[in-house]
Amino acid sequence: MALKFGVLTSPVEDVVKQIKVAKEMGFDFIEIGIEPPMGDPEILIAKKDTILGLLKEYGMFTIGHTAWFCDLGSLVEDLRRAWIEEAKNYIDAAHKLGIKLLNFHAHYASEAYMEIDKYKKQVFDNLVDSMEELMGYAKQFDIKLMLENIPSKKMQLNDFRYIVDRLPGLGVHLDVGHAFITGGMECVSRFIRTFGERIAHVHVHDNNGEEDQHLGIGKGKINYEKVVEELRKIGYDKTITFEVFFGGKKALLESRKKIEKLWK
Ligand SMILES: [Zn+2]
């Protein structure tokens, strides 16, 4: 497989319109945000035929991206169960849209949990249990699940590893911008070296190391020359989504150009 570039749909805009724009911009795939309000499973399923028709016409494929706030590690058991049921709706929608790779986030609801080892472990163990159940559910549709690292200094690489090490079939979804906030370029490099071939998908965007700004590549402090070097070292040749939320089409195209140039 050769490296492919894509964009993520916004949950507050019409998905069909965004697929057309992504094609016009020359992206290889679309990462569909299965997230309310506009990416709600019911809405996506209602537009299924149009979406599948367009993708076929354009020769594009899809990856699925669920809401970052899915609280699958919740310490409130009723809420954790409710999130699992909601996540199953996301998996159903992904299946109907022909998605074979779907992400969830290593989300936690309160910073306070991360301060006390006992609660931190409880959140992580809950995440493991929830993901295990969801992986079992997704298996019937031949959908592979992956877990994305979040922009937190309190969830370090070893914490993320605690979760994915307990779930052998789970893909690792590296968000470079998030890893940079967690621990700078050292964390980004360690992330890539630690997980290597297990990295199933990558998100790129830039920031100042403090806030999850989702800027264009080169507009923040991330050394993308180094990122590309590390990814090339592990022979990464899968998918990269440009999660650049500011600067419109121009910022997206400039970002892609920069990564393409570095890759060569
Ligand atoms: Zn991301």
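**Exercise 1. Which residue forms a salt bridge with Lys121, and how far apart are the closest N and O atoms?**

Before we start, a word on the model: it is predicted, so local features need pLDDT of at least 70 and side-chain atom pairs count only at pLDDT 80 or more, while totals for chains, interfaces and linings use all residues. Residues are numbered from 1 along each chain as its sequence is written, and side-chain values use heavy atoms, with hydrogens and water left out.

*Solution.* 
- Step 1: Recall the criterion. A salt bridge is a side-chain nitrogen of Lys or Arg within 4 Å of a carboxyl oxygen of Asp or Glu.
- Step 2: Apply it. The partner of Lys121 is Asp125, with the closest N and O atoms 2.8 Å apart.
- Step 3: Lys121 and Asp125 belong to helix H6 (residues 117-139) and, because they are 4 residues apart, about one helical turn separates them. Helices (H or I, at least four residues) and strands (E, at least two) are DSSP runs, numbered from the N terminus.
- Step 4: Lys121 has a relative accessible area of 46% and Asp125 one of 23%. Buried means under 20%, exposed over 50%, and partly exposed in between (1.4 Å probe, protein chains only). Lys121 is therefore partly exposed, and so is Asp125.

**Exercise 2. Describe the salt bridge between Arg161 and Asp165.**

*Solution.* 
- Step 1: Take the distance. The closest N and O atoms of Arg161 and Asp165 are 3.6 Å apart.
- Step 2: Find the helix. Both residues sit in helix H7 (residues 157-165), with 4 residues, about one turn, between their positions.
- Step 3: Compare with the cut-offs above. Arg161 is partly exposed at 37% relative accessible area, and Asp165 is partly exposed at 46%.

**Exercise 3. Summarise the whole structure.**

*Solution.* 
- Step 1: Count salt bridges. A search of the whole structure finds 16.
- Step 2: Count secondary structure. The protein has 10 helices and 8 strands.
- Step 3: A compact globule of 264 residues would have a radius of gyration near 18 Å, and the protein agrees with 18 Å. The radius is taken over C-alpha atoms, and the globule rule is 2.2 Å times the number of residues to the power 0.38.
- Step 4: Along the principal axes, the C-alpha atoms fill roughly 50 × 40 × 30 Å.
- Step 5: Look inside. Of the 264 residues, 53% count as buried. Among contacts with a separation of 6 or more, 78% come from residues 24 or more positions apart.

Technical notes: Contact means heavy atoms within 4.5 Å.
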